[in-house]
Each structure stands twice: as structure tokens, then as C-alpha cells.
Amino acid sequence: MVSAATWIRYVVGKLEYSASVGWKHYKGGQITDRELGDTIWKNFFQGKLTFMHYNKGEEMAPTLGAQGGTLLVRKIPWVDPTKVFVGDVVVLKDPIKSDDFLVRRLAAVEGYEMVSTDEKDEPFVLEKDQCWVLADNENVKPKQEAKDSRTFGPVSLTDIVGRAIYCLRTAVDHGPVNNSQFSMQKDSPVLEVELDVDEMAKGHKA
């Protein structure tokens, strides 16, 4: 049973999310100022803070399983360095195939100096709103198979759509995703309220 304290933290998070969605649509010209309030309350009462995403491939093994897994992803409508943190497993738009999504670990954000192990590559600093994402699987070839920032370079924070918070690898192998400590604390009430393993198993592609 979910405690009252957890419910309060969940409701606060949901209100923040609803306000972010409304503000994003307003700034993008999709709604008027008169529609802003309605959009916020509609998302608050009807929307969820998570969605399910199936990730295939071995690039994120062992975190997400050798053949991938079904993920519960916390939505992040307005991404900046206060919403995602180094160490988080994020879902982002594929820089190469814009209709697809990738799941990778956030390795660095704006202001970080990037130094390559290849002496031919010059060091550089990530610019504002840029980030660096990496595959977890150390057994894949970095520039041929990993399909991460070592291949396509820095990506925009705005390409991130959410943070993976739970992974179902098989019906008997599932659990929270190991993210940054701060994110795991923020996501814990969302997991307690919205996690439904049975529902995840229904859509799982074994």
C-alpha cells in the first residue's frame, strides 16, 4: 500500500510535470494563454508520468538484458541539467534515424571537457544544452556497434524524452534501473504509484 507521504511526493511531481507540459505547448505556440490552465489540469487529472518502451539490442547489456527489455520510462517534457543527471539511463531521439529512439546512459552534460583515448582526437568542451551518451555494454565495438556519442558526437538535451526507471527483461527477471542516486530518489514515488509489472509483461516481446 502506498503511504500518504509517497502520495504527496507523487502529486507534487505530477503537478510539476503538468505545468511543464502546458508551458512547453504554450511557448511552442500550440495553445493560447486561455488554454494553458485547462491543459495543465487535464494532464494533472488524466495523464500519467510514465510510458512503456521496448528496447531491443545488446548495446545496453547487462543493464537492460542481452536482448533488450520492456522499460517503464518517466516522461521529461522540458529537459535541462536540473531534470536529468550524469549516470541516468535516458530515452532519446535517434540522431541518425529521427523516427526511432535510443536508450543510452548519460555520461556528460554541458561544461564537461571530453578527452578521447585516441590521441588524434582533440579535447573539447560540451556546449550549452549538449550532452554525451554511451552504451553500457563494454563488449561491443565503440565506433562500429555501440551507436552512441562516440559515433554521432554530442546530442542536444532536448532530444531526451524520458528516463528509464524500471526494466522487465523476462517475466522473472525485472527490477529498477540503476540511475543516478538523485534521480532514483525523485522517481521512487512514481514507481510506487504507477508500476504495474503484469501490464508490462503483457506487452513484453520475449
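Biologist: Why does Lys-147 count as partly exposed?

Modeller: Lys-147 has a relative accessibility of 26%. Buried means under 20% relative accessible area, exposed means over 50%, and partly exposed is in between (1.4 Å probe, protein chains only). So 26% lands in the middle class, and Lys-147 is partly exposed. Before we go on: this is a predicted model, where local features need pLDDT of at least 70 and side-chain atom pairs count only at pLDDT 80 or more, while totals for chains, interfaces and linings use all residues. Residues are numbered from 1 along each chain as its sequence is written, and side-chain values use heavy atoms, with hydrogens and water left out.

Biologist: What makes the meeting of Lys-147 and Asp-94 a salt bridge?

Modeller: The rule asks for a side-chain nitrogen of Lys or Arg within 4 Å of a carboxyl oxygen of Asp or Glu. For Lys-147 and Asp-94 the N to O distance is 2.8 Å, so the pair passes. Side chains of opposite charge can pair when their charged atoms come close.

Biologist: Why can you say this pair ties parts of the chain together?

Modeller: Lys-147 is in the loop between β7 (130–134) and α3 (149–152), and Asp-94 is in the loop between β3 (89–93) and β4 (101–109), so the bridge links parts that are 53 residues apart in sequence. Those element names come from DSSP runs, numbered from the N terminus: helices are H or I with at least four residues, strands are E with at least two.

Biologist: Is Asp-94 buried or exposed?

Modeller: Asp-94 has a relative accessible area of 3%, so Asp-94 is buried.

Biologist: How many salt bridges does the rule give?

Modeller: The count comes to 9 salt bridges. One of them joins Arg-74 and Asp-187, with the closest N and O atoms 2.8 Å apart. Arg-74 is in strand β2 (residues 68–75) and Asp-187 in helix α4 (residues 181–194), so this bridge ties together parts that are 113 residues apart in sequence. Both partners are buried.

Biologist: And what makes Arg-169 and Asp-173 qualify as a salt bridge?

Modeller: Their N to O distance is 3.2 Å. Here Arg-169 is partly exposed, at 21% relative accessibility, and Asp-173 is partly exposed too, at 34%. There is also a network: salt bridges with shared partners join Arg-74, Asp-88, Arg-163 and Asp-187.

Biologist: Which residues of the largest nonpolar core touch the most other members?

Modeller: That core has 14 residues, and the answer is Val-84, Leu-92, Leu-106, Cys-131, Val-133 and Ile-160. A nonpolar core is a set of buried Ala, Val, Leu, Ile, Met, Phe, Trp, Tyr and Cys residues joined through side-chain atoms within 4.5 Å. The elements giving two or more residues to this core are β3, β4 and β7, and β4 gives the largest share, 3 residues.

Biologist: What makes Trp-41 and Phe-44 an edge-to-face pair?

Modeller: Rings of Phe, Tyr and Trp (its six-membered ring) pair if their centres lie within 6.5 Å; planes under 30 degrees apart are stacked, over 60 edge-to-face, and the rest tilted. The rule gives 7 aromatic pairs. Trp-23 and Tyr-26 are 5.4 Å apart centre to centre with 35° between the planes, so that pair is tilted. Both lie in helix α1, 3 residues apart, about one turn of the helix. Trp-41 and Phe-44 are 5.7 Å apart centre to centre with 90° between the planes, so they are edge-to-face. They both lie in helix α2 (residues 33–46).

Biologist: Is Phe-44 buried or exposed?

Modeller: Phe-44 is buried, with a relative accessible area of 16%, while Trp-41 is partly exposed, at 46%. Trp-41, Phe-44 and Phe-45 form one aromatic cluster.
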